[in-house]
Amino acid sequence: MTLTIIETHTARTHQTFRKDRYVSQEVKALEDRAIWGNTWLLAGLASDVARPGDFFVFAVGIEQILVTRDEAGDLQAFFNVCQHRGNRLVCEAHGTTQHFRCPYHAWTFGLDGQLKGVPLVEKFAEDPRKANRHLKSVHVALWNGFVFVHLGSEPEPLLTFLGPVAERLAPYDFGAMTLVEDQTVQLDCNWKAVVDNFSELYHVDFLHPQHKRMVDCHNDTVRLYSGGHTGVEVPGGTVNQKFGIPDEPTDIQSSQLKSLDLDPADYKGRVLEVRTAIQSQKRALATSRGMPYSRFSDDQLSDVWQYNLFPNTILSFTPEHCWVLRPRPHALDPNQCEFDKISLVRFPDAATDQKPILGPASRDGVAMRPEGRPKRDLFSYQAVITGEKTMTDTIDQDVELLGQVQLGMRSNGFSDVYLNEDEARVQHFHAEWDRKMHEI
Ligand code: FES
Ligand SMILES: [Fe+2]
């Protein structure tokens, strides 16, 4: 592993810390203010609020945020709470509407959050529309195809929060990608156990042995940024050299080569040359395939990057696709969370009619453009264990394990975690978490 520390001094300061942050009700209550109420959060996709009347709901702990685009074309975000007696205003995860009507007593709010209609308004001592019973707004901003919200009162600008990460990820243009799958699994673990899991490659050789056929986890580059953000850049289109170099390309390398009109037989005895072959062939095919490869570096054309935005957004991506992985805290229980996997694909430009060339891991197979927005699929982790649902082999393996981690953490036989340098990103995340928890 190569470690690059950018604008931060908190690397490897958290080799050990107590388990209460994963299991304690008191810590969870503090988190609601110190973390969820005090940082920018990736709420959803800009494509879900592209036109006036589009909306989606983002749930995080006890809060739900309603994001919409009003008639003037402005992005709006509100607490999803009716200002009459506090009912949840909108129950659908996403959709399009002309106004929001509370199902309880039919108060109606405009897309701009203004209270418009009140049945039997004459029975109120003062007209609620004049008594400022409009929806309560929260800060909202856009970056690279994603909508962020901030539940606090005076947030720093979103670009300040993202820092150098924003520029580093700019070529990927996630906003030009299309949503192809929207999954949420209910997990019996704390949300930070999911972030931890996606902050280190230490476990990959053991839990995900299939990865050695497509990426070289032992030659990764780790980046730590101020604000708790982290990145890992993993060579793709190659093999994990720790396990030896095969004579012929692996099945995954072969399918990548074929998808780029290259013959795997040409790479017998030259398996380590496949990665650079993929890079140059993507450049050669960029125009005919309608893919914007010219704006990427060679490494970016072959490699898998994963960037974690503090606190709970994990972006795993190549030029062709992106997974948004996002654990969200349960409303009441520190031992539960919901874990989203939002799959985006960069389809070729309209001028061509080619299938997308998928990333080095070929993790989603060949994606087809969906007809309309895929519905959010919500299921329990039991459905993953029984095989009824899958979030891809790798994530299924993680999901099956995480409930056991939480049970172990709750045991009297466990008191604190003990981390190594391959877990530098885990340490970095927790250092920022501590900083923010002590800020309030
Ligand atoms: S709680 Fe919404 S109208 Fe009564
Ligand atoms: Fe994993």
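Predicted model: local features only at pLDDT ≥ 70, side-chain atom pairs only at ≥ 80, totals over all residues.
## A quick tour of the sheets, cores and domains

The protein is split into two parts, domain 1 (2-35 + 164-437) and domain 2 (39-151).

- Five bridges link strand 3 with strand 12 (residues 146-150), and the two pair in the antiparallel sense.
- To find that pairing in the model, look for Trp-40, whose bridge partner in strand 12 is His-150.

- Strand 4 (residues 54-60) and strand 5 (residues 63-69) are paired antiparallel over six bridges.
- A handy landmark is Phe-55, which stands opposite Thr-68 in strand 5.
- As a bit of background, strands of a sheet pair through backbone hydrogen bonds, either parallel or antiparallel.

- Strand 14 (residues 221-225) and strand 15 pair antiparallel over four bridges, and one pair to look for is Val-222 with its bridge partner Val-232 in strand 15.
- These two strands form a hairpin with four residues between them, and Gly-227 in the turn has a positive phi of about 90 degrees.
- Strand 15 is mostly covered, with five of its five residues buried.
- Both faces of strand 15 are covered: Thr-230, Val-232 and Val-234 are buried on one side, and Gly-231 and Glu-233 are buried on the other.
- Strand 15 (residues 230-234) runs antiparallel to strand 16, and five bridges join the two.
- Within that pairing, Glu-233 has Trp-305 of strand 16 as its bridge partner.
- How much of strand 16 (residues 304-309) is buried? Six of its six residues are, so strand 16 is largely enclosed by the rest of the structure.
- Strand 16 has both faces covered, with Val-304, Gln-306 and Asn-308 buried on one side and Trp-305, Tyr-307 and Leu-309 buried on the other.
- Strand 16 also pairs antiparallel with strand 17 (residues 313-317), over five bridges.
- A hairpin takes strand 16 to strand 17 through three residues, and Leu-309 has Thr-313 of strand 17 as its bridge partner.

**Helix 2 and what covers it**

- Helix 2 (residues 25-36) has Lys-28, Glu-31, Ile-35 and Trp-36 buried.
- Looking down the axis of helix 2, you'd see its buried residues fall within an arc of 65 degrees, so they line one face of the helix.
- The general rule behind such patterns is that an α-helix has 3.6 residues a turn, so residues three or four places apart point the same way.
- Among the elements covering the buried residues of helix 2 are strand 4, strand 5, strand 18 (321-329) and helix 12 (424-437).

**The nonpolar cores**

- The largest nonpolar core has 91 residues, and Val-67, Val-149 and Val-194 are the ones with the most contacts inside it.
- Domain 1 and domain 2 each give at least three residues to this core.
- Which residues does Val-194 touch? Leaving out residues up to four places away in sequence, Val-194 touches Leu-187, Cys-189, Pro-327, Cys-337, Phe-339 and Leu-402.
- There is also a second, separate core of nine residues, including Leu-257, Leu-262, Ile-278 and Met-291.

**Where the domains meet**

- The C-alpha centres of domain 1 and domain 2 are 32 Å apart.
- Contact between them involves 20 residues of domain 1 and 14 residues of domain 2.
- On the side of domain 1 that touches domain 2, the elements giving two or more residues are helix 2, helix 4 (164-169) and strand 18.
- Strand 18 gives the largest share of that side, with three residues.

Methods. Residues numbered from 1 in each chain as written. Chains lettered and ligands numbered in written order. Core = buried A, V, L, I, M, F, W, Y, C linked by C-beta atoms within 7 Å. Buried ≥ 20, exposed ≤ 12 C-beta atoms within 10 Å, placed from the backbone. Domains from an automatic or database assignment. Contact = placed C-beta atoms within 7 Å. Pairing = 2+ DSSP bridges. Arc of directions from axis to C-beta.
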